[in-house]
Amino acid sequence: MPQIIQEGILVFTFSDDWDICKFDDTNFYRDRVEKLNGVKSIDILARGDRILYFIEIKDYTYPNTKSIKQIELIDAIIKKVICSLSMLYPMSYKAKDEEEREIAKHFFNKKSLTIVLHIEKPPITTKLEQSKWDFSELQMKLKKRLKNISNSVKVVSIKKMQKVPWSVAIATT
């Protein structure tokens, strides 16, 4: 049975043999981390056969989306990656929920970290800066800034998944 995580209108489907969690929905995050001022986390932690994935989701298709500069997004993602990495270790032994402790422990068994930015851009007709972003340029900038943490960075969308081992669809209402 596939595992599903929904973030806004986006539905992420993973194989049933993966360890996945929506990090900011964990009890550990809500009980311990949320109280720390300025600490942010990646949206989804996913662990497949050989690789740990940090997945950050940005959907700029909503009507009330505010324009942001690309550098602001890059800085925010770097902060979330660093904060998420620093939270995994205490989660592995301090989480009250045994399943959350086990998930965190499993993440330490992986030797490779891939950081994935899943981004849905607004239509090019909008005045939002995000509509003009080039995915390959954004990926290159992220990879350069994150090179000491991960040598694998991907920028994807529903239309451009870059062979990631999960699927994404828009939720049906």
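Me: Since the model is predicted, how do I read the confidence, and where in the chain is it lowest and highest?

Reply: The general idea is that pLDDT gives the predictor's confidence in each residue, from 0 to 100. Here the chain averages 91, and 99% of the residues score at least 70. Confidence is lowest in helix 3 (residues 98-107), with a mean of 86. The highest value, 97, belongs to strand 2 (residues 10-14).

Me: Next, salt bridges. What is the general idea, and how many does a search of the whole structure find?

Reply: Side chains of opposite charge can pair when their charged atoms come close. The search finds eight salt bridges here. One of them joins glutamate 7 and lysine 22, with N to O at 3.1 Å. That pair links distant parts of the chain, as glutamate 7 is in strand 1 (residues 3-7) and lysine 22 is in strand 3 (residues 19-22), 15 residues apart. Glutamate 7 is partly exposed, at a relative accessible area of 23%.

Me: Which residue forms a salt bridge with aspartate 19, and are the two partners buried or exposed?

Reply: The partner is arginine 47, and the closest N and O atoms are 2.3 Å apart. This bridge also connects distant parts of the chain: aspartate 19 is in strand 3 and arginine 47 in strand 4 (residues 44-47), 28 residues apart. Aspartate 19 and arginine 47 are both buried.

Me: What about a salt bridge inside a helix? How are lysine 141 and glutamate 137 placed in helix 4?

Reply: Lysine 141 and glutamate 137 are four residues apart in helix 4 (residues 135-145), so about one helical turn separates them. Their closest N and O atoms are 2.9 Å apart, and they form a salt bridge. Lysine 141 is partly exposed, with a relative accessible area of 33%, and glutamate 137 is partly exposed too, at 34%. Elsewhere, salt bridges that share partners join Glu7, Lys22 and Asp25 into one network.

Me: While we are on helix 4, which of its residues are buried, and how are they arranged around the axis?

Reply: The buried ones are Phe135, Leu138, Gln139 and Leu142. They lie on the same side of helix 4, because they cover an arc of only 100° around the axis. Met140 and Lys144 are exposed on the other side. As for what the buried residues pack against, the list is helix 2, strand 6 and strand 7 (152-156).

Me: And aromatic rings? How do I read a pair such as tyrosine 60 and tryptophan 133?

Reply: Look at the distance between ring centres and the angle between the ring planes; an angle over 60 degrees counts as edge-to-face. By this rule, the structure has eight aromatic pairs. For tyrosine 60 and tryptophan 133, the centres are 5.8 Å apart and the planes are at 90°, which makes the pair edge-to-face. Tyrosine 60 is in the loop between strand 5 (51-59) and helix 2 (70-94), while tryptophan 133 is in the loop between strand 6 (112-120) and helix 4, 73 residues apart. Tyrosine 60 is buried, at 8%, and tryptophan 133 is buried, at 5%. There is also an aromatic cluster formed by Phe14, Trp18, Tyr53 and Trp166.

Terms used:
Residues are numbered from 1 along each chain as its sequence is written. This is a predicted model: local features need pLDDT of at least 70, side-chain atom pairs count only at pLDDT 80 or more; totals for chains, interfaces and linings use all residues. Side-chain values use heavy atoms; hydrogens and water are left out. A salt bridge is a side-chain nitrogen of Lys or Arg within 4 Å of a carboxyl oxygen of Asp or Glu. Helices (H or I, at least four residues) and strands (E, at least two) are DSSP runs, numbered from the N terminus. Buried means under 20% relative accessible area, exposed over 50%, partly exposed in between (1.4 Å probe, protein chains only). Rings of Phe, Tyr and Trp (its six-membered ring) pair if their centres lie within 6.5 Å; planes under 30 degrees apart count as stacked, over 60 as edge-to-face and the rest as tilted. The arc is that of the directions from the helix axis to the C-beta atoms. Contact means heavy atoms within 4.5 Å.
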